[in-house]
Every structure is written in C-alpha cells, then in structure tokens.
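I opened my notebook to look up a few places in this structure. Here is what I went through, entry by entry.

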Amino acid sequence: MNKTVNPKDLASDGDGPLYAAQKKVYPQSVSGTFRRIKWGLMAVCLGVYYFLPFVRWNRGLGAPSQAVLIDLPNSRFYFFFIELWPQEVYYFTGLLIAAAVALFLMNSVGGRIWCGYLCPQTVWTDLFYAVERLIEGDRRERMKKDKSSDPLKLERISEIVLKHSIWLMIAWWTGGAWVLYFNDAPTLVKELVTFQGPMIAYIWIGILTATTYLLAGYMREQVCTYMCPWPRIQAALTDEWALNVTYRYDRGEKRTSVKKAAELRALGEQVGDCVDCYQCVAVCPTGIDIRNGPQMECIQCGLCIDACDNVMTKIGRPKRLIGYDNDINIHRRQEGKAPIYRIVRARTVVYSVIIAAVGGFMVYTLATRSLLDVNVLHDRNPVAVKLSDGSIRNAYTVRLLNKSGYDRVIAIDAEGPVNLTMHVVGADSVTPDRPMIVIPRDATSELRLLVTAPAENNSEKSIPVRFHVMDIGLGVAASATDNFVAP
Amino acid sequence: MTDHHSDIDSVSGKSTTGHEWDGIKELNTPLPRWWVITFYLTIVWAIAYWVVYPAWPLIASNTTGMFGYSSRADVAVELANLEKIRGAKMAALGTASLADIEKDPALLALARAKGKTVFGDNCAPCHGSGGAGAKGYPNLNDDDWLWGGSLDQIMQTIQFGARSGHAKTHEGQMLAFGKDGVLKPDEIVTAANYVRSLSGLPTRPSFDKAKGEKIFAENCAACHGDAGKGNQEMGAPNLTDKIWLYGSDEATLIETISQGRAGVMPAWEGRLDPATIKAMAVYVHSLGGGK
Ligand code: SF4
Ligand code: SF4
C-alpha cells in the first residue's frame with residue numbers, strides 16, 4: 001500500500017512549478033538605437049513626473065496657480081486651462097477609455113512596447129539599474145561581488161550603503177512628487193521640510209517611498225511576470241501582424257562560433273548567423289533567451305536587438321538578427337518572398353477611430369461646457385401644499401453652479417403650461433418681481449424655490465415645469481426640467 | 001515517543017512532529033517566521049496599548065495611561081474646536097435681526113441648515129419632518145396661520161407656545177358649545193352647515209341659512225369675526241378659506257363645535273437657546289408658509 005512517491009513529483013504537475021523563486025537577473029549595459037530611445041523616454045517621463053507640479057498657471061486672484069492640481073478639499077481638478085468639478089468626473093472615464101484603447105493600439109502595432117519603454121515599473125527599474133551599474137559595476141562585476149565569499153570588506157559595504165541611499169533618495173523623491181499634485185507645490189515643499197506638512201502627506205510619501213524602493217530595487221521583472229495582468233491577456237490583445245521582438249531563425253542554424261562558422265561555410269555547410277555569444281541574454285532585464293521564441297516574460301524593450309546588432313556589426317554580418325518582426329514575415333522570407341509590414345489593418349483602424357471619437361467627444365464637450373449649471377430637486381415632504389385660496393404650491397431645491405471666475409447675477413424664471421408664480425426664499429425681499437440672486441465665482445448656491453399654480457389649473461396630477469436661469473449680464477443661460485404635482 | 005528530528009516521513013521527506021493517529025503522522029510544518037514575529041509583535045503592541053492608554057478598571061477609577069493619551073479627551077478637544085469654528089457663525093446668527101438673516105444668503109443658508117436639524121429633533125413629532133403637519137397639527141408649508149405667519153409672529157409662537165402655560169403664551173380656545181349646554185344639538189348641526197357654507201362647501205338640503213347666520217353671530221363671531229375670517233390675536237382660524245385644521249366634514253365640525261378644541265404648542269424658550277430659536281423661525285418661515 002505504502003508506495004513511496006518521489007517528493008519531486010509532488011512539487012509540480014508536470015508543467016513545471018507555478019512559481020519559481022526569483023533568479024537574480026544581472027542585465028548588462030548595452031548601447032544602440034533602442035537603448036537611446038529608452039534613455040530619452042525615461043528622461044521625458046521622469047522629468048514630467050517630478051517637475052510638473054512646479055509649473056505655474058495664472059487663473060486669477062483667489063484661484064490656485066498650479067498648472068496641474070487635484071484639489072481634494074475643494075473638490076476641483078485643474079489641468080492647465082481646464083477646471084473640472086466633481087460632477088464632471090466622467091471626463092476621466094473618457095480619458096481611461098481612450099488610454100485603454102491606446103494601449104490596445106500600441107499592442108497591435110508593436111506588442112508590449114508600453115511595457116518596454118513607458119511603464120513606470122520599467123522606467124524606475126531601469127533608473128535603479130543605472131544607479132546599481134554606476135556604483136557596483138557592470139554584469140560580471142556585480143555577479144562576482146554577489147558571489148564573493150568575503151562580502152564584508154569596507155569598500156564593498158560602502159558601495160552597498162551608497163547604492164541603497166541613492167535608491168532611497170530617488171524613491172523618496174518619487175513619493176514626494178506624488179503629494180505635490182495635491183497641494184500648492186512650493187508651499188507644500190516649504191511645509192514638508194520644516195516638518196509642518198499635513199500628516200497625510202508624510203504617510204503617502206512613506207508609502208510611495210517604500211513601494212518604489214521595493215518594486216524597482218527588489219521585485220523588478222517579477223512585477224512584470226507575476227503581478228502584472230498584461231502578460232496573461234497579451235494573447236487576446238495581439239494578432240499575427242503585430243510586431244514583436246523576434247529572433248529571426250530564418251537566418252539559419254546551427255549556432256556556432258565565428259571561426260567554426262567560417263570553416264563550415266567554406267565546406268559549403270549550413271550555418272546560422274547567430275554565434276551563440278549570449279549577449280542577447282546578458283542584457284535582457286527579464287533574464288530570458290529570446291532565441292527560444294516569443295515568451296510571456298518579454299517586455300519588448302528591444303535591448304537584445306541592440307546587443308545582437310553590436311555583435312553582428314563586429315563580425316560583419318547583416319544587422320537585425322533579432323528585430324521587431326512577426327512570424328508571417330519569417331515564413332515569407334523562408335519562401336523567398338519580400339516581407340510586408342501592415343500597420344494599417346482593421347484592428348488598428350478601429351482602435352484609432354475609437355480613440356479619435358472619444359477624444360473628439362471630450363474636446364467638444366470641454367469646449368462647449370457651460371460655466372453655469374442648474375439642478376432642481378422637487379421637495380418630497382410634502383410633495384404639494386394646498387393654500388388657503390385653493391391654489392397649489394410646490395417647493396424645489398435649486399442648486400446653481402457658477403463655474404466661472406467671476407461673480408454672477410442670476411435671474412430665475414419658471415415656465416409651464418399654466419400660469420405659475422414663483423418665489424425664491426430670501427430673494428423676494430430684494431427683487432420681488434423676478435427673483436435674482438448673486439452667486440460668487442467658482443461656487444455653488446442652494447436656493448429654495450416656491451412655485452404656485454392657481455386653483456383652476458389643477459385638473460391634472462402632474463405638469464412639466466421648466467426652470468431657466470440666466471446670467472443677466474452676459475446672457476449665459478441654463479435650464480432644468482421638473483414636474484409640478486397636485487396633491 | 002520517538003525523537004521527531006530523526007523521524008523522517010518517507011513520502012515527503014520531511015520530519016514529523018512525532019504525533020501519530022492510526023498510522024497517520026503529522027508533518028512538522030512550522031508557521032513561517034515572519035508570521036510568528038508578527039504574532040509576537042501584536043502581543044507586544046497590545047501590552048503597550050494597555051500601558052499607554054487608559055485601560056484597566058480599578059476599584060473607584062481606572063488606570064490613566066501615559067502621556068495623557070485618551071480617545072475621550074481627543075473627542076472633547078475636537079468638539080471644542082468645532083465649537084470654536086461654529087461659535088462665530090452662530091454668534092452672527094444670534095446678533096442679526098430676523099429680516100437681515102433672510103436677506104443675507106450665507107446667514108440664510110446657515111439658519112436653514114441649523115433650523116432643519118433642530119426642527120427634526122423637536123418639532124417633527126407633531127408637525128412632521130417636512131412640516132406638513134397632520135390633523136390637529138398645522139401644516140407649516142401653507143399660508144394659513146393661526147397666530148400669524150410673519151417672521152416675528154412665528155418666532156413668538158416658537159418662543160412662548162400656545163396654551164403652553166408660559167407667562168407670555170398665546171391664549172384663546174374653541175369653547176365646547178355642546179358639552180357646556182350652550183347650544184342644542186340641532187343648533188350645532190345648523191352651525192356646522194353654516195360654517196361649511198362660509199368656505200363654499202355644500203350644505204344639507206334642510207339647512208336654514210338665516211338660522212345659521214343668527215347662531216353664528218350670537219356665539220361664534222366674537223372670536224371668528226362677523227364674516228368668519230378669524231382672528232390671529234386669539235388663534236381663531238379663518239373659516240372662509242380652504243384649509244381646515246381638524247377637518248371640514250360635517251361630523252368633524254359637529255364634534256369641534258360641541259366638544260371644543262384647545263391644541264397646545266409648547267414654549268421653547270429656555271429649552272433652546274435664542275440663536276437656535278431664531279434659526280428655527282427662519283427655517284419655518286422659509287418652508288413656504290411665511291407671510
Ligand atoms: S527578450 Fe529582448 S526585448 Fe524581450 S525583455 Fe529581453 S531584452 Fe527586452
Ligand atoms: S546576441 Fe545575437 S549572436 Fe549573440 S547569442 Fe544573441 S542572437 Fe546570437
């Protein structure tokens with residue numbers, strides 16, 4: 001009965017373990033086209049993130065002069081010339097839709113290029129690697145130092161301390177920049193350094209410092225492989241035309257050294273261009289061998305392309321043994337046909353159209369957005385009141401929003417199928433004929449509105465009423481519809 | 001008992017705890033170290049909490065903790081801060097006149113907000129949460145006022161009440177003409193029909209208007225006026241309008257005339273501070289019924 005099972009067989013289901021302990025990756029530095037693009041994009045991304053809060057934008061007296069500001073206490077969002085109110089958060093929905101579709105579009109054109117070039121995880125990890133390389137040296141040196149049996153030399157300790165201090169400084173600055181988006185940046189910086197900032201700011205800086213340090217310093221490619229959902233849904237987002245970092249196996253096998261290859265070629269034998277130098281593996285930040293075909297871990301950063309191009313140049317073979325390509329073209333080349341690249345396909349056209357439509361709609365609504373808004377809420381308790389002469393009165397709560405930068409004088413009219421008279425509580429005593437009130441700039445005002453219909457018009461249970469509000473100076477108007485109810 | 005360190009399970013290759021039930025052995029799989037450390041830290045935290053915060057009951061009091069930490073004291077401080085913030089605004093409410101409050105949008109909003117809460121706590125049981133009233137309890141949203149609907153009159157009614165026993169209360173009540181034997185039953189029916197006719201309601205076919213007019217003039221006009229238009233000095237309702245506090249059907253009117261009515265509005269002076277009463281007056285006035 002007691003058949004002994006090999007413990008190793010219990011550890012996996014035959015497909016390999018679900019999770020493999022992290023094998024430390026030591027990416028080697030590389031130079032080339034894609035590395036240059038990556039440096040450039042990193043500079044742009046980090047520059048924007050770190051310095052945007054300090055960009056000023058003049059909105060006049062009393063309004064915040066920060067170009068990008070999420071003003072939570074006052075529920076306002078400022079983005080250069082745009083100011084959004086809480087009820088306009090649907091713009092963010094639009095933004096999210098457009099961003100999601102833009103990701104799909106990128107994916108259908110160049111695979112996970114977002115991951116390789118623009119994803120914050122990649123950008124900060126890349127930065128942390130740069131620091132590490134600067135202090136501890138390149139791949140070989142780092143590997144040697146990590147393996148060294150005598151790690152406690154003063155020099156080594158100071159290296160480690162220096163690396164972590166710089167990492168922590170970057171992480172801390174990252175957390176610090178985050179909170180600057182929620183308050184006037186120069187003021188907050190002053191408060192923070194004199195320890196007078198709000199507690200919540202310190203807490204957020206702490207959280208983001210910790211996450212940046214851990215994610216970019218330790219978890220690195222593990223985040224891309226295990227935490228990020230993208231590699232799992234990648235297959236659904238891409239198609240056979242998408243360009244992915246691909247080892248062009250059509251350039252032949254076998255892989256052997258330069259010298260051996262030359263000999264074999266001389267004998268008229270088949271040899272590939274790959275000299276099996278492992279440069280592409282050494283530079284890969286996720287530690288994979290792209291020559292094994294497309295893999296879930298690959299973030300399409302193109303660094304292996306740069307590495308291999310350098311090798312190919314040196315040995316005088318054509319570049320782009322690894323390149324952004326797809327299987328279709330590999331087969332076409334094998335069949336002796338010219339490769340074709342189709343950027344314009346049904347998929348990319350549809351995505352572009354969606355982005356343009358969402359973007360266009362947002363621009364349109366932003367451009368035509370009213371700076372005066374009215375909401376009307378019918379009183380429920382009581383719904384209607386009978387007056388002593390038999391006429392009926394309904395009460396409404398009217399909310400007026402003045403989104404503009406100046407005070408407004410607003411007149412209110414009610415319009416319905418019967419002759420209605422109207423009173424605004426508080427305003428009657430000032431302007432008895434036509435209720436008028438002043439709403440301060442960038443503010444809301446709540447009014448109680450009483451509408452009365454004479455007794456003889458009460459045959460119907462409910463009649464529609466339209467409320468018009470108008471800026472009597474500028475003529476800007478808004479309106480809302482509600483019902484007038486009989487008891 | 002076997003020494004569990006030497007007892008290795010042949011299947012998994014792990015050591016066992018040495019415990020065995022019917023041939024089933026327990027593998028020695030200790031909790032992860034981080035878990036155990038976290039567990040001990042929570043114990044340390046709990047003990048520290050007992051020491052730092054007031055915690056243990058003593059015979060007559062409790063441990064006071066250290067550094068003066070106390071959630072209760074924190075609440076007191078926050079309440080005091082709130083009072084400080086609100087104090088100035090409430091003071092403005094206390095000094096402004098009723099008419100000025102209604103003209104100033106900020107004060108009006110404050111008075112309405114304050115009034116609404118206080119109304120919900122104190123007035124809603126009788127007048128309803130929206131002031132819609134009920135049978136015998138006036139609707140405060142309409143324009144019919146027993147004791148007057150101006151800001152000052154509303155304020156006065158809230159302050160002193162009606163038939164409340166307060167020295168300055170409104171007095172005056174509907175007499176019990178039947179119970180006290182002033183009117184005979186058939187006269188009461190006639191009076192009831194006459195009162196209905198005043199506001200245009202239909203009357204019994206047998207109703208003798210001249211007789212009703214005579215009864216009204218002799219018994220009711222003193223309070224309700226010759227034309228039945230009421231008198232706010234005495235809280236006598238207007239009988240010619242469409243609003244009836246207790247109901248306008250004949251049976252209810254017969255009951256009212258024979259048994260009398262004397263609804264009570266309590267006085268709020270002394271129970272609520274002046275600024276609050278003012279806020280309530282403004283709120284009630286703004287409900288729509290104010291004149
Ligand atoms: S295989 Fe190449 S493109 Fe993919 S992650 Fe590695 S280096 Fe980047
Ligand atoms: S870098 Fe190029 S030549 Fe070197 S192993 Fe990779 S594919 Fe082959």
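A word on classes before I start: Ala, Val, Leu, Ile, Met, Phe, Trp, Tyr, Cys and Pro count as nonpolar, Asp, Glu, Lys and Arg as charged, and the others, Gly among them, as polar. I also noted that this is a predicted model.

**Entry 1: ligand 1**

I sorted the shell around ligand 1 by class and got nine nonpolar, three polar and no charged residues. Then I looked up the names. Ligand 1 is surrounded by chain A residues that include C284(A), C298(A), C301(A) and C304(A). I290(A), I299(A), Q300(A) and G302(A) are also among them.

**Entry 2: ligand 2**

Which residues are closest to ligand 2? I found C274(A), C277(A), Y278(A), C280(A) and C308(A), in a shell of 13 residues. Two helices of chain A, α13 (279-283) and α14 (303-315), are the elements that give two or more residues to this shell. By class, I noted ten nonpolar, one polar and two charged residues around ligand 2.

**Entry 3: a UniProt site with M174(B)**

I moved to chain B and checked UniProt, where an unreviewed entry annotates M174(B), C220(B), C223(B) and H224(B) as "binding site". They span 51 residues in sequence, but no two of their C-alpha atoms are more than 10.0 Å apart, so they gather at one spot.

I took two of these residues in turn. M174(B) sits in the loop between α6 (151-160) and α7 (185-198) of chain B. With a relative accessible area of 22%, M174(B) is partly exposed. Setting aside residues up to four places away in sequence, I listed what M174(B) touches: H224(B), T256(B), I257(B), G260(B) and R261(B).

C223(B) belongs to helix α9 (residues 221-224) of chain B. C223(B) is partly exposed too, and its relative accessible area is 32%. Beyond its neighbours within four places in sequence, C223(B) is in contact with G230(B), N231(B), M234(B) and A236(B).

**Entry 4: a UniProt site with H127(B)**

UniProt also lists C123(B), C126(B), H127(B) and M265(B) under "binding site", again from an unreviewed entry. These residues are spread over 143 residues of sequence, yet they cluster in space, with a largest C-alpha distance of 10.5 Å.

Is H127(B) buried or exposed? H127(B) counts as buried because its relative accessibility is 12%, and the cut-off for buried is under 20%. I placed H127(B) in helix α5 (residues 124-127) of chain B. M265(B) lies in the loop between α10 (250-259) and α11 of chain B.

Next I read off contacts, leaving out residues up to four places away in sequence. H127(B) touches M265(B), and its other contacts include F119(B), A132(B), Y137(B) and L140(B). M265(B) is in contact with H127(B), T157(B), I158(B), G161(B), A162(B) and S164(B).

**Entry 5: the second largest pocket**

How much space lies in the second largest pocket? I noted about 900 Å³. Its lining has 38 residues, and E446(A), L447(A), R448(A), A109(B) and R112(B) lie nearest its centre. Among the elements that give two or more residues to this lining are β12 (443-453) of chain A and α11 (274-289) of chain B. The largest share, seven residues, comes from α4(B).

Terms used. Residues are numbered from 1 along each chain as its sequence is written. Chains are lettered from A and ligands numbered from 1 in the order in which they are written. This is a predicted model: local features need pLDDT of at least 70, side-chain atom pairs count only at pLDDT 80 or more; totals for chains, interfaces and linings use all residues. Side-chain values use heavy atoms; hydrogens and water are left out. UniProt positions are given in the numbering used here, feature names are shortened, and annotations may be inferred rather than shown by experiment. Helices (H or I, at least four residues) and strands (E, at least two) are DSSP runs, numbered from the N terminus. Buried means under 20% relative accessible area, exposed over 50%, partly exposed in between (1.4 Å probe, protein chains only). Contact means heavy atoms within 4.5 Å. A residue is near a molecule or strand if one of its heavy atoms lies within 4 Å of it. On a 1 Å grid over the protein atoms alone, a cavity is a set of points where a 1.4 Å probe fits but cannot get out, and a pocket is an open set with protein on both sides within 12 Å along at least five of seven lines; lining residues have an atom within 4 Å of a point. Grid points are joined across faces, edges and corners, and a volume is the space filled by probe spheres set on the points.
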